[in-house]
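Below is a short briefing for a reader new to this structure.

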Amino acid sequence: MIAMQATTGRATDAAASPVPAFMTRDVCVFYGQKQALTNVSLDIHRNQVTSLIGPSGCGKSTYLRCLNRMNDIIDGCRVTGSILLDGQDIYSGSMDVVHLRARVGMVFQKPNPFPKSIFENVAYGPRIHGIAKDKTELEAIVHNSLEKAGLLAEVKDRMDQPGTGLSGGQQQRLCIARAIAVQPEVILMDEPCSALDPIATARIEELIDELREHFAIVIVTHSMQQAARVSQRTGFFHLGILVETGDTEQIFTNPRDKRTQDYITGRFG
């Protein structure tokens with residue numbers, strides 16, 4: 001692949017250095033007096049999956065929640081540094097947080113469908129954000145989102161049934177459909193497969209690979225095997241510090257930092 005890129009000239013140079021969706025610089029997070037993140041600088045690129053790995057409590061999820069200001073709901077939490085989405089400071093006073101969370105969707109560790117029908121789970125976001133002009137357009141958005149999430153064929157004949165009646169893997173795909181229905185730029189996933197069986201996990205991983213054609217994706221995972229399978233870039237966190245980031249293959253085969261090497265070889269974590 002590297003040899004092929006070297007022969008393609010200017011277009012390849014531009015493709016090799018895309019403008020990131022997110023640029024984060026020197027991000028620090030404090031919970032009261034405790035510092036949870038220290039000077040984290042990381043870019044999140046479009047049409048790529050970025051995996052965040054590291055032991056429990058190292059700051060992966062804390063960083064993820066900074067990207068759509070979910071930390072705002074935690075008393076005593078303070079975020080410093082620069083977090084730019086398409087060049088705009090998401091912590092500026094002019095940022096509409098509701099609009100931000102439409103642009104930056106989130107899929108949580110445990111599937112959390114609303115206590116509504118399958119259709120209404122997906123229609124909720126487009127309806128409250130005024131994305132659909134009429135019922136026909138709303139139905140098209142719901143069907144398209146379910147299709148992108150790989151779920152439409154399984155639920156098309158029971159759209160009026162509760163989303164909570166689906167299997168765990170189906171519920172997670174429903175939550176992904178709900179996230180993409182509002183046409184986000186970035187999808188954040190916080191250990192989206194940890195509560196799923198291997199078959200459902202494989203389906204979600206296939207879906208992540210398909211979705212990166214349309215979105216920038218950031219996934220927190222405790223599974224290094226999963227990070228290696230689904231991501232193009234990986235960041236290793238330890239004790240609130242981003243120790244190392246780079247192409248996933250490089251991180252797992254030729255890490256620059258001994259702490260990364262020790263983690264991926266199982267010496268700690």
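At what angle do helix α8 and helix α9 pack, and how far apart are their axes? The angle is about 20° and the axes are 9 Å apart. This is a predicted model, in which local features need pLDDT of at least 70 and side-chain atom pairs count only at pLDDT 80 or more, while totals for chains, interfaces and linings use all residues. Residues are numbered from 1 along each chain as its sequence is written, and side-chain values use heavy atoms, with hydrogens and water left out.

**Helices α8 and α9**
- Helix α8 spans residues 168-180 and helix α9 residues 198-211; helices are DSSP runs of H or I with at least four residues, and strands are runs of E with at least two, numbered from the N terminus.
- The angle makes α8 roughly parallel to α9 (angles under 35 degrees count as such).
- Gly169, Gln172, Arg173, Ile176 and Ile180 in α8 are in contact (heavy atoms within 4.5 Å) with Ala200, Arg203, Ile204, Leu207 and Leu211 in α9.

**Gln250**
- Gln250 sits in helix α11, residues 248-253.
- Leaving aside residues up to four places away in sequence, Gln250 touches Glu244, Pro255 and Arg256.

**Salt bridges**
- The structure has 15 salt bridges, each a side-chain nitrogen of Lys or Arg within 4 Å of a carboxyl oxygen of Asp or Glu.
- One of them joins the side chains of Arg25 and Asp43 at 2.8 Å, N to O.
- That pair links distant parts of the chain, 18 residues apart: Arg25 lies in strand β1 (residues 22-31) and Asp43 in strand β2 (residues 34-44).

Terms used. Axes are lines fitted to C-alpha atoms, for helices over the stretch in contact, and angles run from 0 to 180 degrees between N-to-C directions. Angles under 35 degrees count as roughly parallel, over 145 as roughly antiparallel, 65 to 115 as roughly perpendicular and the rest as oblique.
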